[in-house]
Amino acid sequence: MYVTVEGDPVYVYTGTRAFERARPTILFVHGASNDHSVWALQARYFAHHGNNALAVDLPAHGRSGGDARPSIASIADWMSALLDALGVDRAVVVGHSMGALAALDMTARYPARVRAVALLGPAAPMSVSDVLLDAARAGEHLAFELMTAWTFSAVSHLGGNRQPGFWMTTNALRLMERSRPGVLHADLDACHRYAGGLTAAAAVGCPVLLVFGQRDLMVPPKDAGPLLDTLPNKRVVTIPECGHSMMAEAPDAVLDALREFTGSLP
Amino acid sequence: MRYHTSAPVLRRRLAMTKPKTTHFDTLSLHAGARPDPATGARATPIYQSASFVFPDTDHAASLFNMERAGYVYSRIANPTCAVLEERIAALEGGVGAIAVASGQAALHLAIVTLLGAGSHIVASRALYGGSHNLLDYTLPRFGIATTFVDPRDIDAWRAAIRPETRLVFGETLGNPGLDVLDVPQVAALAHDHGLPLLVDSTFTTPYLMRPFEHGADLIYHSATKFLSGHGVVIGGLLVDSGQFDWGGTGASAGKFPTLTEPYAGFHNMVFAEESTTAAFLLRARREGIRDFGACMAPMTAFQILQGIETLPLRMQRHVDNTRLIVAFLNAHPLVESVAYPELPGHPDHALAQRLLPRGCGAVFSFAIRGTREQGRKFIESLRLFSHLANVGDAKSLVIHPASTTHFRMAAGELRASGITEGTIRLSVGLEHPDDLIEDLSRALHAAGKP
């Protein structure tokens, strides 16, 4: 469905179930140069199990209009505005990578809006390598290639997809190739410059789930150490032999982690 | 500042950065396969099971509703076939693939996923006879028309496109005259009109050409041929590049409602919203394979996987042998002509050098001087070359297209496809080239006797 947020059309995937304001809502937020489709399996599950599953295309991503937001805080502000536009008071917020930082920031600054938060592939700070930032800034295809190389575990580079017939790495590459000019750099730059992660973590009061890929090269789990030390009321799931693209590499493990987490909420 | 690098320094640094990628030969052996988690088996197991047990009813419902990944029923998906699907997708540079019962089933699945009654196809007229049958004789009964064009005439391609055209189709190497499809040019034309280019890449395999890198959108193979490589199975593979915009914006908007509008046959799913990159494959599997049912058997997938493991080695040997035989025939006094794009006289010589630097495959045709009777005598005098209707076997093959694979075509259509009464098609195998040349030499000698 489409909704207007801050004057721009925004696409929200709802798992082929109509949005109903009375249902509990789970907001799924994708990472850099991705779109709603990375959540297709998990969002469909929750949509067909009593929830509004809202897998959004962030501004300038996928089918949404507008400009890429320049900072994690502005993405978080936009997410709150999205809930306003839909008339949703509170939601469980699930974010991946850049989306995880935005979810964390939103949780800290809009505590009344977030019932619980799930951070997939997070770190704070989330520094991005110079060469990737440079390639993205220059608009080089190399940036997508580096992202593809680093976002999957070594074993996933040889396939073995749980979804029959799909070749994960090229899928990820093709999705990023559809990015509008400048969007990847804007996303990576927002992640790289986000300095408020640990402050935000200290302010989080709701239940938190952290999901890591054991073999994540893009955002190594060890980089989340300070975040883990700071966040209260958390549960942690580490998916074995999985990289950063965990929704593709281990879709059922991600779903089960989210199911158990949301099922445990008061 | 971390990345305020000067332009020359930045260019040098980026030029030196090479993300690790897995080579073609390695993907031929490993893509899609992992040691079997249940047994540790290194070879891909043959999952010869029609169905797969559900842990519980919720899990079952989730699988049916595409909420979880996994297997339900082998007509829709099978773990052995899935390894093959990933492997060909990896080798072609696609986002995924579907394994089907034959190359013909792959062509049919591509068409019925995108087109319905009232739609139109523009196709090269240099096609395998079976493809020509489907397009020219069978599909019109279902309301799908085709205009055939000279593959070398880009103006003819352009002129044939109508408002109701939904697909542009050709063979990377036309059968049997080896017309080289100018994939970049035809793809650009198709894209200008919001249309996808489907190519039959059977003769080239991804070892010789990766059509997605030249702009094609969909590829299919008769895996019966070089991919399996040993003439023991019938199978087809349909691969999606993931690059075509099925209708969000631009020239393709509104042309592909099977992908952009709710499908009542699957929970009103809009496939282009479900997957940004692989909407075509979702529809093809959730409707085409489900309803038309032309699935691949797991044993077949296993045998094709065995073939693909040695594809790079075999294709190079096929091409090496072919070059020697082409040179021999081209110099033989009883041979009137040889149609092989590596020969300077072939009309697509320059294009082949650009698109097919590794070689132009191992199937080609030549014409004998003399009567039809001499052609018959030549074929019947061969000992190593087997006279049969197939190509891409490890063993060398021969056939007379005018009386076999293309016999339904009218004389004018035959001529347009580059086939004469004297045309003989060879599929060069992996035997020692000296033995093959000796066989051809002896048969030509027999044919030349009064």
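**Close-up 1. B:S386 faces B:L397, a residue of strand 11 of chain B.** This is a predicted model, in which local features need pLDDT of at least 70, side-chain atom pairs count only at pLDDT 80 or more, and totals for chains, interfaces and linings use all residues. Residues are numbered from 1 along each chain as its sequence is written, while chains are lettered from A and ligands numbered from 1 in the order in which they are written. Strand 10 and strand 11 (residues 397–399) of chain B run parallel, joined by two bridges. Strands pair if DSSP finds at least two bridges between them. Strands (E, at least two residues) and helices (H or I, at least four) are DSSP runs, numbered from the N terminus.

**Close-up 2. Five strands of chain B form an open sheet with mixed pairing.** Their order is 8-9-12-11-10. Strand 8 (335–339) and strand 10 (386–387) of chain B each have a single partner strand, so one side of each lacks a neighbour in the sheet. Helix 14 (residues 311–330) of chain B packs on the sheet and touches strand 8 and strand 9 (363–368) of chain B. Contact means C-beta atoms, placed from the backbone, within 7 Å.

**Close-up 3. Helix 14 of chain B meets helix 18 of chain B.** B:N321, B:L324, B:I325, B:F328 and B:L329 in helix 14 of chain B touch B:P433, B:L436, B:I437 and B:L440 in helix 18 of chain B.

**Close-up 4. Chain A touches chain B.** The contact takes 43 residues from chain A and 48 residues from chain B. Helix 4 of chain A gives the largest share of the chain A side, six residues.

Conventions: Two residues are in contact if their C-beta atoms, placed from the backbone, lie within 7 Å. Axes are lines fitted to C-alpha atoms, for helices over the stretch in contact, and angles run from 0 to 180 degrees between N-to-C directions.
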